[in-house]
Structure formats: structure tokens, C-alpha cells
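Student: Could you take me through one part of this structure closely? I would like to see how the two chains meet, and what surrounds that meeting place.

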There are 2 protein chains.
Amino acid sequence: MKAFSKNQLQRYPVYLKFFKTLLEEGKTCVSSPYIAKCLGYSEEQIRKDLQAVSKEPGVPKKGRDLERLVETIEKFLGYRDSTTAVLVGAGHLGQALLSYPNFAEMGLSIVAAFDSNPALSGRKVGDKEVFPIEKLPNLLPRLNAHIAIITVPAASAQEVADAVISAGARAIWNFAPIHLIVPEGVVVENVNLASSLAVLSHRLNEMLSKE
Amino acid sequence: MKAFSKNQLQRYPVYLKFFKTLLEEGKTCVSSPYIAKCLGYSEEQIRKDLQAVSKEPGVPKKGRDLERLVETIEKFLGYRDSTTAVLVGAGHLGQALLSYPNFAEMGLSIVAAFDSNPALSGRKVGDKEVFPIEKLPNLLPRLNAHIAIITVPAASAQEVADAVISAGARAIWNFAPIHLIVPEGVVVENVNLASSLAVLSHRLNEMLSKE
């Protein structure tokens, strides 16, 4: 099986959302040129992406069946299985993620949160209980959580990463703006708002300075 | 001036955070091999990145001066100027961003929020007032906001994008999981949690299936 690049993997949820919208609008098929026009990817890229997850070819002049595409991509992304996660850091961002309604349909089930602030312990956020951080080593293995979502400040993120890895987490979704050092056999994916803002600001300034 | 790639731009906030941590630890200089070891980038990449924003060379055996590096990168990223933004969609994620304490040091000032939910109008979140969405066309130009942060559900994101662009926004920081269609002269940067999760899940499953 060919490896998927990060950029390619990032496109599948965008396709999925788009195909679901088309289904809701009553459409049954979609063609690569139409996808290209709406999503801004090249036709060649779209064909490659869809062929990589589905053997079923499109029908000339009609395109690909939308229901089958949705099913195929959902299966590929693991949306039809459930993966268990815990979240560490129940501040503003942590609470937003705990209350985010769309993770369930992505197969992600956040079952518990942890925080070092005693004032948060025992509270429920979006139906999930916040436990004191001291309970993590004991609870994480019992919850069988493979994924840890880290939403603590940068200064404590490495310590939290070490703790969740010791307790058995194999994947870290890191929202703290630092580079985490992890052993082999653990995957890290970063959501770095500062990095995203840097791209936006630079492109904006570039554009404004040309005017 | 050479254009900066997206990946390169995304690295500068990571460098900056790291250099600031080293300064707090009392260090005064940093070498490329040490940065490489801690951040996982290649030495060559680090040298290129730093040379692209600073003409000052490192001192052999000591490295580069940390205070100058912080100053240079902050200036490059526009952290020492202030850019005005508004936020549309004051739900959970919007509220988290409104309360996020780190934007100020990045030079981003969110001055107001808008929401279509009348129950939210007039409320203050993180010191910022939430206005009814109807006031956006009138208020956005008066606030002189170049950036609009979109945290509404996917179904209304395009409509909101059209509205903020009509009102004069030149840059959209889009947190809704859809591809926005915008005219030339407007920049869009997406933060797509579903895409990030897709990368994490795929890498995790790949790793687990090998064991």
C-alpha cells in the first residue's frame, strides 16, 4: 500500500464534508472537474486522491456515486469505528474541544479530561468529567485511551506528554505551541495556532504591501 | 525578496517560543545543532530559516545571540505591530479564541465578536462584546479590521465569508471545516481540526497495524 502524505490525508475530511453537503442538496453523483471547481484542488490530484481509497471508477459524464464515496472515505478515515481519547488541560481551549459536537461523527470519543487546577476537578464539561491530573496514570490505561489531547500551556506540555506516554498513550494531539519530544512508537500531530496565524499575517502583509 | 513557503512560515513561531524559553532559562546564545536536536528540524533548514530573516551571522562555537533572534523573529512575524481582527461565531470555539491570552503578544487584537444568536448579543466574552451579526456590515469598516476569524458552523461559513469580505475584510482565518470561495485580493488560512485528526488517526493506525 502506498503511503499517504500529510497534505493528502488532510484533504479527505474536506472531500467528505463537501460530498455530504452535495448529498443533502439532493445530488447523487459528482465529477472531478466539479470538485476541482468547488474545492480549488487540481483535477489530477482529486482523481489520485479518490483512486487511492476507492477502486470504483466514475461513470463517464456522470461521475462518481456520492453515497459510495462518503462511505468509502468515512471507512478510510476510521469514522465508523470509535477511538477513545482523553484530554489534558480543561481551560478555555480544552473546554471548547470537550464541547465540540463533531468529534463523535469522526469516530473520536473523548471519555475524560484531566486538569491540575483543583477548582476544575469533579466538574463536568460537555458531559465529560474533569479528573485531577494525579489520577491520570491510573485512569488512562483503564479507559483504554490511545489518544491524548494536550491543551495545557506550553510550559507544562512536555511534562504532560511524558505522563500520558508513561500511562500508555500512543498518539498525542498537541495544541500547546511547543515541539514535544516523544519516544519512537508514539505519534504527534500539532495544531499550532501561532503557526497558522503567521501564515495568514504574512500573506496579508505581502498583499497589502503590493497595493 | 524570496517568497516564504507555508511550511517555513509555520516554523518561525516554534523557533520564537523555543528561544524565549531558553532566555528564561538564563541562556544567551543558541547554535543550529542544538536547535536541531531540540526541535527536530535539520540543521540546514534551521540555518536557511534564520538567515532568511536575519543578516547577523552566528559566532563560532557560541551560536547566535538569543535576544537579537527573538527581536528579529518578532518583528518579522509582526508581533510588535498590532493587527485588528473581528470574530464571527461566538459559540464554544469562538469563546475559546476570544479568551485566548496569547494573541496579544502575537500582535493580534480581536476587538469585537458577532453572532446570529440573539441570546449571545450584548454579552462580553474575554472582555470583547458580542454584537448581533446584522451590525457587521456597519461596524467592521469602522473598527478598521483587516482580519475576520470565522468560527461558525460549516453550513453558514460561506455566507459569513461573503459578508465580511463585502464589509472590507482582507484576510480570513477560517475554523469552519469547509473550503471557502473568495475573490482575488483576499487571503484565507484554514484551521481544520478534522484534517489534523485525520493525519493523527492514520499515523496511529499505521503504527498499531505494524505491531
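Tutor: Here is a walk through the contact between the chains, followed by some details on either side of it. Please keep in mind that this is a predicted model.

Let's begin with the extent of the contact. Chain B contributes 56 residues and chain A contributes 56 residues. Between them the two chains bury about 5100 Å², with 74% of that on carbon and sulfur atoms. On the chain B side, the residues that lose the most area to chain A are Leu193(B), Leu197(B) and Leu200(B), which together make up 12% of what that side buries.

Polar interactions are also found here. There are 10 residue pairs in polar contact between chain B and chain A, counting pairs with both residues at pLDDT 80 or more. Several elements of chain B each supply at least two residues to the side touching chain A, among them helix 1 (6–24), helix 4, strand 9 (187–190) and helix 8 (193–210). Helix 8 of chain B gives the most, with 13 residues. By residue type, that side of chain B divides into 37 nonpolar, 13 polar and 6 charged.

Now for the charged pairs. The rule finds 2 salt bridges across the interface. In one of them, the side chains of Glu211(B) and Arg170(A) meet at 2.4 Å, N to O. Glu211(B) sits in the segment after helix 8 of chain B and Arg170(A) in the loop between helix 7 (154–166) and strand 8 (171–174) of chain A, so this pair joins two chains. Are these two partners buried or exposed? Glu211(B) is exposed, with a relative accessible area of 62%, whereas Arg170(A) counts as buried at 19%; the cut-off for buried is under 20%.

Phe76(B) counts as partly exposed, at 22% relative accessibility. Setting aside neighbours within four places in sequence, Phe76(B) is in contact with His202(A) from the other chain, and with Phe4(B), Leu9(B), Tyr12(B) and Val53(B). Val53(B) is 23 residues away along the chain, and its C-alpha atom is 6.9 Å from that of Phe76(B).

Helix 4 of chain A (residues 66–76) has its own buried residues: Leu66(A), Leu69(A), Val70(A), Thr72(A), Ile73(A) and Glu74(A). Their cover includes helix 1 (6–24), strand 1 (29–30), helix 3 (43–53) and strand 2 (64–65) of chain A. Just after the helix, Gly78(A) takes a positive phi of about 75°.

Finally, a salt bridge within chain A: the side chains of Lys6(A) and Glu189(A) meet at 3.3 Å, N to O. Lys6(A) belongs to helix 1 and Glu189(A) to strand 9 (residues 187–190) of chain A, so the pair ties together parts 183 residues apart in sequence. Lys6(A) counts as partly exposed at 39% relative accessibility, while Glu189(A) is buried at 5%.

Notes:
Residues are numbered from 1 along each chain as its sequence is written. Chains are lettered from A and ligands numbered from 1 in the order in which they are written. This is a predicted model: local features need pLDDT of at least 70, side-chain atom pairs count only at pLDDT 80 or more; totals for chains, interfaces and linings use all residues. Side-chain values use heavy atoms; hydrogens and water are left out. Buried means under 20% relative accessible area, exposed over 50%, partly exposed in between (1.4 Å probe, protein chains only). Contact means heavy atoms within 4.5 Å. Buried area is the accessible area (1.4 Å probe) that two parts lose on being put together, summed over both. A salt bridge is a side-chain nitrogen of Lys or Arg within 4 Å of a carboxyl oxygen of Asp or Glu. A polar contact is a pair of N or O atoms within 3.5 Å; within protein, one must be able to donate a hydrogen and the other to accept it, and residues adjacent in sequence count only if both atoms are side-chain atoms. Helices (H or I, at least four residues) and strands (E, at least two) are DSSP runs, numbered from the N terminus. Ala, Val, Leu, Ile, Met, Phe, Trp, Tyr, Cys and Pro count as nonpolar, Asp, Glu, Lys and Arg as charged, and the others, Gly among them, as polar.
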